[in-house]
Amino acid sequence: MIPFLELKSTYLELKTEIDAAIATVMESGYYILGPQVEAFEAEFAASHDVQYCVGLSNGLDALHLGLLALGVGPGDEVIVPSNTYIATWLAVTYTGATPVPVEPVEATYNIDPARLEAAITPRTKAILPVHLYGQAADMDPIMEIARRYSLKVLEDAAQAQGTRYKGRYTGGLGDIAAWSFYPGKNLGAYGDAGAITTNDPVLADKVRVLRNYGSRIKYVNETVGYNTRLDELQAAILRVKLTKLEEWNDRRRKIAALYLENLQGLGLVLPQVPEGHEPAWHLFVIRHPQRDDLQKYLGQAGVGTLIHYPMPPHMQEAYAGLNIKASSLPISEEIHREVLSLPMFPHLTEEQVHQVIAAIRRYSQEQPNR
């Protein structure tokens, strides 16, 4: 069986360093907002050429607090991609604002800048592009529109550790960015973890206060805050794994190159990478009109796959109250019917990649008879 994702190998490669980092925390006596968090924040910010990083408990909290720092609240609207994981929408809802979906560029799956202006109303406060699957959204036109309409921009960079856009890292392209370090991410903790990054010291300070009960001085609470702090243990682990991020992303790029070279002409829609984009390849997502049949075939052939994502947010029961009619977002709905994520992780071997390719090739050859 070739798994869709296998995480144990990342630990085994760094076992000595990770075990030592955990022991350091346990022996230090500092377990909340200690030196490991502070060090990770500085190191992660430096690795993505951004000035400030604030560690948080998870990626959803990073989105939520990022929006709050931008002043988003009840009565506001936030433009979001129509095709994304529901967490992007949930963060908007948590603030009391309304998510307003905009369709993607079908070739890249990222929000279409050409559709943004039609979605802007007097209530629009911010744009929330997602760097989906590890490829950056087209940020230059997004930022130009945002500045023209005096809107804020929060990058959802949960899947984009190490992604570059026109020579610049994600995480510093908008006003503020939200990160997830969920275990399966390119930079993953061994539990939930997240962060925001920004070049704005005021925004960074707002999130620091919000994450810690609305307090910067113990027992002095200046606002209604939250308890959403990056754990010292996770910060120590992330510091070790951060040293491998570029190397592991390079492995992902080589896997993606093998897929792109060998899956041509098999009836699939393959990922497209615009000029100037350098994906981190968090996921390698193909499309096929008989996606469910292909997934079943690959499973029987010993190839693990996942669907990112089976249902767009506007079709989830959680957002029935928005009264967005079925078929009103046809690009997103078609994408969600057809996408399939192939195995992609840094310790996937070249032999395993070719086994995945061979299984898809067999499926393609058998397709007329199925």
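1. A quick word on classes: Ala, Val, Leu, Ile, Met, Phe, Trp, Tyr, Cys and Pro count as nonpolar, Asp, Glu, Lys and Arg as charged, and the others, Gly among them, as polar. Also bear in mind that this is a predicted model.

2. Let's take the second largest pocket, with a volume of about 180 Å³. By those classes, its lining has four nonpolar, three polar and three charged residues. The lining is made by Ile 32, Asn 212, Tyr 213, Ser 215, Arg 216, Ile 217, Lys 218, Tyr 219, Asn 221 and Arg 229. Strand S10 (residues 215-217) gives the largest share, three residues.

3. Now the largest pocket, at about 550 Å³. It has 28 lining residues, and those closest to its centre are Tyr 85, Ser 180, Tyr 182, Lys 185 and Tyr 309. Helix H4 (59-69), helix H5 (87-94) and strand S8 (176-180) are the elements that give two or more residues to this lining; H4 has the largest share, with three. Sorted by class, the lining comes out as 16 nonpolar, nine polar and three charged residues.

4. On to a helix pair. The axes of helix H3 (residues 35-47) and helix H9 (residues 232-242) come within 8 Å and cross at roughly 35°. The crossing of H3 and H9 is left-handed.

5. Who touches whom there? On the H3 side you'll find Pro 35, Gln 36, Val 37, Ala 39, Phe 40, Glu 43, Phe 44 and Ser 47, meeting Glu 232, Ala 235, Ala 236, Leu 238, Arg 239 and Leu 242 of H9. In class terms, this H3 and H9 contact has nine nonpolar, two polar and three charged residues.

Notes
Residues numbered from 1 in each chain as written. Predicted model: local features only at pLDDT ≥ 70, side-chain atom pairs only at ≥ 80, totals over all residues. Heavy atoms only, no water. Axes fitted to C-alpha atoms, helices over the stretch in contact; angles between N-to-C directions. Helix = DSSP H or I, 4+ residues; strand = E, 2+ residues; numbered from the N terminus. Left-handed = near helix turned anticlockwise from the far one by under 90°. Contact = heavy atoms within 4.5 Å. 1 Å grid on protein atoms, 1.4 Å probe; cavity = no way out; pocket = protein on both sides within 12 Å on 5 of 7 lines; lining within 4 Å. Points joined across faces, edges and corners; volume = space filled by probe spheres on them.
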